[in-house]
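Here is a briefing on one protein chain. Look over the sequence and the fold before reading the points below.

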Amino acid sequence: MSVEKVSLPDALSNVDVLDELPLPDHQPCIEAQPCSIVYQANFDTNFEDRNGFVTGIAKYIEEATVHAGLNDLLEEGNEHAVMLYTWRCCSRAIPQPKSNEQPNRVEIYEKTVEVLAPEVNKLLNFMRFQRTAIERFCMEVKRLCHAEKRKDFVSEAYLLTLGKFINMFAILDELKNMKSSVKNDYSTYRRAAQFLKVMSDSQALQESQNLSMFLATQNKIRDNLKENLEKIPNYEDLLADVVNICVTMFDSKMYLTPSEKHMLVKVIGFALYLIDTQNCNIYKLDQKKKIRLEKIDRIFKNLEVVPLFGDMQIAPFNYVKRSKQFDQSKWPLCSATGTLSSQADLNKYLPQIRDDHIKYISELARYSNEVTTTFKEAPRTDTENEEISELALRGLQLLSEWTSVVSELYSWKLLHPTDQHQNKDCPVDAEEYERATRYNYTDEEKFALIEVIAMIKGLQVLMARMETVFTEAIRRNIYAKMQTFVQNTLREPLRKAVKNKKDLIRSILVSVRETCADWIRGYKPEDDPAMKGKKDPDTGFDIKVPKRNVGPSSTQLYMVRTMLESLIADKSCAKRTLRKDIDGQYLIAIDQFHKNSFYWNFLLNFSESLQQCCDLSQLWYREFYLEMTMGKRIQFPIEMSMPWILTDHILKTKEPSMMEYVLYPLDLYNDSAHYALTVFRKQFLYDEVEAEVNLCFDQFVYKLSEQIFMYYKQLAASILLDKRFKEECQAQETYFAYPRANRYETLMKQRHVQLLGRSIDLNKLITQRINVDLLRSLELAITKFQGGDLTGIVELDGILSVNRLTHKLLKKCLNGLDDFEWMLREANHNILAPYGRITLHVFCELNYDFLPNYCYNAATSRFVRSLGLSFADPTHREKPPQMAHHYLWGSKQLNLAYTNIFSQYTGFIGSPHLRALVRLLGYQGIAVVMQEVLKVIKSLITGGIYQFTKTLMDAMPKTCKMPLYDYGSPGILGFYQENLNDIVQYPDAKMDLFQHFREVGNALLFCLLVEQSLSQEEVCDLLHAAPFQNIFPRPYCKEGEKPEAKQKRLEAKYAALHIIENIEKYGTEKQRNLARDGDLLTKERLCCGLSIFEVILNRIREFLSDSIWTGPPPTNRVMNVEECSEFHRLWSALQFVYCIPVGENEFTVEQLYGEGLNWAGCAIIVLLGQQRRFEALDFCYHILRVQRADGKDEHVKGIHLKRMVDRIRRFQVLNSQIFAVLNKYLKASYTDGDMPVEHVRCFQPPIHKSVAEASVPTGTMTLDRNHSQYHRPDIRNMVQAPIHTPQY
Amino acid sequence: MPHREDFQKQIQQDWANREYIEVITGSIKRIADFLNSFDLSCRSRLAMLNERLTSLERKIEYLEAWISKGEALA
């Protein structure tokens, strides 16, 4: 394999090209910095390269060596602290021998030793370490406190390192005190080891004894340290220096990360504790102005509690309080009770934080926009670099400040747990940790925390994006600043020092220059007059400073700063101060440089600093509280975990302004996991974080998708809620507000959320769950429908519409949602089975409830449940299950509203129901239902009705004449009453037979009305389709306007809508065919005029083939007049029966059966072709006719004639209407031109006897022949005259 | 003092070397940034693709069930 050589410029230009690749990512950024790769270069050498700077002052190079050693110790100390903090009790898991006789106890002890030995080793190392560290620290103190040395200056860096040591001791001591499990584990080990006699030599035994004592004695490290320090004379002066530098740094904000800030406070506290002994008193030091207690008092009050390590806190003031010579009067602020420390009140900081945030990100946006949108030919000027560098520092400081606010509040809360008196929600038996976290924050505090965390994480993302811009500007700025200062600014003091022969100052200044100057072209300018103490020539001595993209190395910076510090150090006790030999203006310049350069280290390690300033990992760690449960808890539930408490708070309150922040609290887990991996380096901690994240994230997605679904359901239901209903409710002070607009869309757009190194497609997860929710919603809607009668179909249609709208709204964001119609089919079980649940239930309800129990009334076009009697068995329906509000209409209030609205439809079945039914069933469902209804009709006609007809025909009089008018109406009524007595008295007539007829009639009416509803739906469809088919309503024309021209204009205007034309133009062959077919199908429906009802009627006609319906052919070969063999005669008899007025408290047939009864009778009559005969010969009609003429009113055998006649009249009208409708349908398909052939037979008029007798002698021709000749042409196709309804 | 000037040169050289290292480091940082953006962009696009595929799969499943009317499942 050959290695291709790439030159550096090529390689760099390759990197430049990367920026030009478009990498679209369309999701809004609402999460913390997502990065799969983190690249952090660390150039910290820990003074390894100190020997390279031999040109520097030797003393500081030596000091660097000391620093390096001390730093190593600090690092080791930190490892021990981690070891102690993350210690989990082992002995609890180890079985203990119960008695000395236990046979396997040796084995148990051996295993115990084997398991615990490595752990105990760590403890031994820890003990040895603290010993060495204390020794080393005391040695340093002793060296610096030496009487001669005291006069000299001790550098800021040195004092700070000593401070770090003090901090380390404080931490280690507290950790050791707190961890009782360490002691328990060690005693378990010791018992086992002593039993097995593992420790044979005396040294090991002694060490073990020491360790035992060390672990058992509280405050051992602290006391050891104090004891050793007290032996050093004047150590308090040095510690006072340490305290003072910490106070100064704290006050002038010379720190960057929150942990540095907290360290300063801890050091002040612990150092004061160390100073305060029998011999030395801090109050005396205060008097001598060696320390300033009033300043410290203020610091301690503002920061009552600081994080010590993980979830351990410390109140620094307690160090002072516990000291022997505590004087309360010197600590007015800290001792005052009642005033709350400012760290406990986050809301106080919030407005300022918000303000800073807005201001800062606007400023940042200026640069980031410039970087992303423009390409700059020229490199940035020094001023620009300085500005950007300052911007970066300000950003880091802001982030650090906010992080401090959060962690300080958290610490304060941990140290001030709530109880049931302070928080009503807190149960009496709440755990310690719960009281410190879960119940310890008000809603406002949680929101404030979330907001601040969101600002921290959000700004971190923005700054990290700008990192390459920042770092380049930072390096260039620092380089320029440093070189200008060293090469130019320092010339003047140098000149002066040379001139005045101040050799020490001169040598320091020269060292500074030589340590870090980067001369142009590599050479120091020759003959610089300043070096000789001479004035510059009049033309000036021009020094050009080069430009580079690099900062000083860490050691270099340390050297320069320390050497400069030694020039300006102002030490009251030291006599040898150099300040007086330097002019004031140069002192200021040097001081300024020294101050500014303090932050350079942080800036040069921008990436690391940024990360540390935003680290909120400690909000999760709770080793201290776990330790306190003494093994009762292995881990705390998520309800007590800060990240989840905050996340859940957003989900619970559904606060729209917070919704977009919901991913930020989850990012705390990223911080914690990162910390577990990189700092604690403990697998089990990472595993625990991971387990919690798994649990929380499931909860999160579950809760989120549920509320998204609920929100959109409520929105849809509110949109569709009847406006007038809303208004009416408003009048009664019930208000229906739309759900508060929430920002779920942003969340739904998230396709890659980073959590513990995993990338999660939130959109997909929400889609999955909402798919399920929607389906469940539809299923439940149908189940609810199945649990009620047919009237529920309107509500079902309503619920489905709301779900459809919900789906439509959600689909905008969740593209992966299934097609709504398909979902509906699935819920309806209509994919695998030919008929869905809705269709089946509709049919069931028709069959078992609607047909037998409902009464039709043409006046209202409605069916209502028959009063009183029910002729069918009561229908059993499964009770629908209880369902959550969001599966129905969205909320309790909406559910109530809609239930009210739809309760209006429960009392009847009319056109709204049928419209809904038609929509829901579709063509296929309607066809099925009709088919089944036909079967019902068939079984009724050929079954029950047939049987009854047969029986009743026998009960009918064989003949029943039409009595002459002369008898008068009462007579005629009496006559019929007499003749039809058998029928009137027939027991089952009213009950079963009428019931059968009602069912047939209802079935017929159902088919008729369904078709009407279907037509209305179709008309709507067609109207909607019309503009796409180039069909327009006739335009309105004023006088003089040409309709054609207007029509043309309309067509031109909407040409883009015309589907066929457009597809012909642009589509493929296949599309063209499809479009044409579709168009044809749509148009066909309109003009074909097919009728379902007609088909139904014709089918029913087929069921009436039996002779029972028609009787034998008329004996007179023309028609039956008096004979009662045809069905219409029976119907007349039945009509007579139901026209008899009923008594009080009895139900009429209308009430019991409705008009279905009449429809059935009339339909059969029409289908049998007996309508005319019925109308002519009906018994009741005859009574009516005669009564109209004679106007009599009597009681005939208990029947009130007038009332009966009124009833007859009403039924006559009804019958005529029914006949008219039926005939319209039956004849509908004939147009004028092609009427069916009706064979009309013409009969001779009957010849009266006398005429017959008279004519016999005159003619021999048979009547038939004569007349047949004459009339033959009459037997022809005749146009059927329109049927006139009888009018009386 | 030639000795002193040697050190001077070394420090000078150190500046140059460290600048070179910074350039390389900066470039690696930019590559890392690029990879991160690339990662996000790819994830976003793959998620879209995945969504479409899932949706197609579900459609096929549905259609199969519909056409077979449950025969395949029986």
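In the hairpin of strand 1 of chain A and strand 2 of chain A, which residue takes a positive phi? Gly310(A) does, with phi near 55°. The model is predicted. The points below start with the whole chain, then turn to single elements.

**Overall shape and content**
- Chain A holds 53 helices and nine strands.
- The C-alpha trace spans about 180 × 95 × 70 Å along its principal axes.
- The radius of gyration of chain A is 51 Å, whereas a compact globule of 1288 residues would come near 33 Å.
- Of the 1288 residues in chain A, 39% are buried.
- Among contacts with a separation of 6 or more, 81% join residues 24 or more positions apart.

**Annotated region**
- Over residues 62-270, the chain is 79% helix and 0% strand.
- The end C-alpha atoms of that stretch are 28 Å apart.

- Strand 1 covers residues 306-309 of chain A, and strand 2 covers residues 312-314.
- The two strands run antiparallel and are joined by three bridges.
- Val306(A) stands opposite Ile314(A) of strand 2.
- Two residues lie between the strands, and Gly310(A) is the residue with the positive phi in this hairpin.

- Strand 5 (residues 854-857) pairs with strand 6 (residues 862-865) of chain A.
- The pairing is antiparallel, over four bridges.
- Facing Cys855(A) is Val864(A) in strand 6.
- Four residues separate the strands of this hairpin.
- Ser861(A) takes a positive phi here, near 60°.

- Helix 20 runs over residues 491-499 of chain A.
- Which residues of helix 20 are buried? They are Pro493(A), Leu494(A), Arg495(A), Ala497(A) and Val498(A).
- The cover over these buried residues includes helix 21 (503-516) and helix 23 (584-597) of chain A.
- Lys501(A) follows helix 20, and the phi of Lys501(A) is positive, near 55°.

Notes
Residues are numbered from 1 along each chain as its sequence is written. Chains are lettered from A and ligands numbered from 1 in the order in which they are written. This is a predicted model: local features need pLDDT of at least 70, side-chain atom pairs count only at pLDDT 80 or more; totals for chains, interfaces and linings use all residues. The radius of gyration is taken over C-alpha atoms; the globule rule is 2.2 Å times the number of residues to the power 0.38. A residue is buried if 20 or more other C-beta atoms lie within 10 Å of its own, exposed if 12 or fewer, and partly exposed in between; C-beta atoms are placed from the backbone. Two residues are in contact if their C-beta atoms, placed from the backbone, lie within 7 Å. Two strands pair if DSSP finds at least two bridges between them.
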